[in-house]
Amino acid sequence: GEHREVDPSAELERRGRAYAPLQGHYYLRPPQIERGWREYLIDTNGRHYLDMVNNVTALGHGHPRLAAAVADQWRMLNTNSRFHYRSVAEFSERLLETVPAPLDTVLLVNSGTEAVDLALRLARAHTGREDVACVSESYHGWSVAADAVSTSVSDNPLAEQTRPSWVHVLEAPNAYRGRYRGAGAGMHYARDAVRQIEAWSAEGTPIGAFIAEPRHGNAGAIEVPDGYLLKVYAAIRADGGLCIADEVQVGYGRQGDVFWGFEQHPGVVPDIITVAKAMGNGHPLGAVITRSEIAQSLAAQGTFFSSAGGSTLSAKLGTTVLDIIRDEGLQENAGAMGQRLLEGFARLSERHSLIGAAHGRGLYLGLELVRDRITLEPATAETRALCDRLLQLGVIVQPTGDRQNVLKIKPPLCVSTASIDHFLDALDTALSDAI
Ligand code: PMP
């Protein structure tokens, strides 16, 4: 018979009639994705795409072992009503094996937003303070509180005008294009931040919590410069506040050499960690990891309960994800494939002047595109065009950051050498076409 292509734009109109127009799409004409396998997505016309952006599906799409574990647990029991369940204790113990002392307590929720919201509540309960310090160009979630500390202009153009008075913003410590650059930038940014923290305290709004990603994912995998977190954490604590590391994007094995982003900063141990995305491989699962005394402070003010957060299914799934990361060597693969990408970018940057810098390590990378390597003028339109061209070539990758000129590269951790090389070839072609 005649082969008839599905028209994705007709399907898109259908969605537009029934579903709120709030969530943006990748691409003007997004493909309609029907299936996934490892680091590949397959659309309703059977076309395959290499998914270089999905850091939620860390194990890869359609993982059979995870699917089997979920199906088994679903048949046996999925609830979170107030009895007690072995799988919750098991998963919490496994999570605690990944963190240093004195972190000793887990709370399970359903998303990164919920983890951030709960972290802010914990800090408020523990310090008795409302004020929160965050960093510019960040995203932490969509709830009232998580949105308030989200400073990214590309996610929320009205962020500055709508910011509540309890939110205080520190300048993002970007050593590539910020106020201070190169070696030593961390110390300069930290000095300014410490002064700011002391000033807020003197003004009568001492900071209860400082929240930041330990690598600036939303801004484009930008390294938080050496020494910055250590100094800022010390200042926050000296002033009586708590430090929250948002590991929703950058943590959970993706860095390759370390499991958590904060481990890249010697001596840095957060008071509260927020995590989600990869820990559920796409299933709604998030967590807060903290110290028992901080959890006690919230317990003293009331209960915390989530109908599905920390269900038997979520806990079993969470443990299975950790098993698969270990058994398939996915953290090690993230390190090796990240290295291969960085070497590839270094080669491409010799021939393509659009490449300004490659940020990050492991499988959380940002390729920053500039019109001029001296002025660092962001190549925003070129980045968009490059992504559209890459889609034609069967590769999914997207811009990020306030200037939308950084390609965020964060594929499933199972990505193969062949797929990395395919990506680098496609990028080479697309960059050549862009000139
Ligand atoms: N924190 C960070 C750093 C994030 O990137 C995100 C999601 N992009 C969130 C929190 C919110 O997570 P979720 O979408 O699971 O609510």
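Modeller: Two residues are said to be in contact if their C-beta atoms, placed from the backbone, lie within 7 Å. The model is predicted, and local features are described only at pLDDT of at least 70, side-chain atom pairs only at pLDDT 80 or more, while totals for chains, interfaces and linings use all residues. Residues are numbered from 1 along each chain as its sequence is written. Helices (H or I, at least four residues) and strands (E, at least two) are DSSP runs numbered from the N terminus.

The pair consists of helix α7 (residues 185-202) and helix α8 (residues 228-238), whose axes come within 8 Å and cross at roughly 15°. Such axes are lines fitted to C-alpha atoms, for helices over the stretch in contact, with angles from 0 to 180 degrees between N-to-C directions. Helices α7 and α8 are therefore roughly parallel to each other, a term for angles under 35 degrees. The crossing of α7 over α8 is right-handed, that is, the near helix is turned clockwise from the far one by less than a right angle. On the α7 side the meeting residues are Gly186, Tyr189, Ala190, Ala193, Val194 and Ile197, and on the α8 side Tyr228, Lys231, Val232, Ala235 and Ile236.

To place this pair in the whole, one turns to the domains, whose bounds come from an automatic or database domain assignment. Domain 1 covers 8-59 + 329-434, and domain 2 covers 64-327. Their C-alpha centres lie 25 Å apart, and 29 residues of domain 1 are in contact with 31 residues of domain 2. On the domain 1 side, α11 (330-351), β13 (355-361), β14 (364-369) and β17 (406-409) each give two or more residues; the largest share, 5 residues, comes from α11.

The last topic is the nonpolar core, a set of buried Ala, Val, Leu, Ile, Met, Phe, Trp, Tyr and Cys residues joined through C-beta atoms within 7 Å. Buried means that 20 or more other C-beta atoms lie within 10 Å of a residue's own. The largest core has 115 residues, and Ala115, Ala119, Phe210, Ile244, Ala287 and Val288 have the most contacts inside it. Helix α4 (residues 112-127) contributes most, with 7 residues. Because domain 1 and domain 2 both give residues to this core, it lies between them. Leaving aside residues up to four places away in sequence, Ala287 touches Leu95, Val106, Leu107, Leu108, Val109, Ala115, Val275 and Met279.

Key:
A residue is buried if 20 or more other C-beta atoms lie within 10 Å of its own, exposed if 12 or fewer, and partly exposed in between; C-beta atoms are placed from the backbone. Angles under 35 degrees count as roughly parallel, over 145 as roughly antiparallel, 65 to 115 as roughly perpendicular and the rest as oblique.
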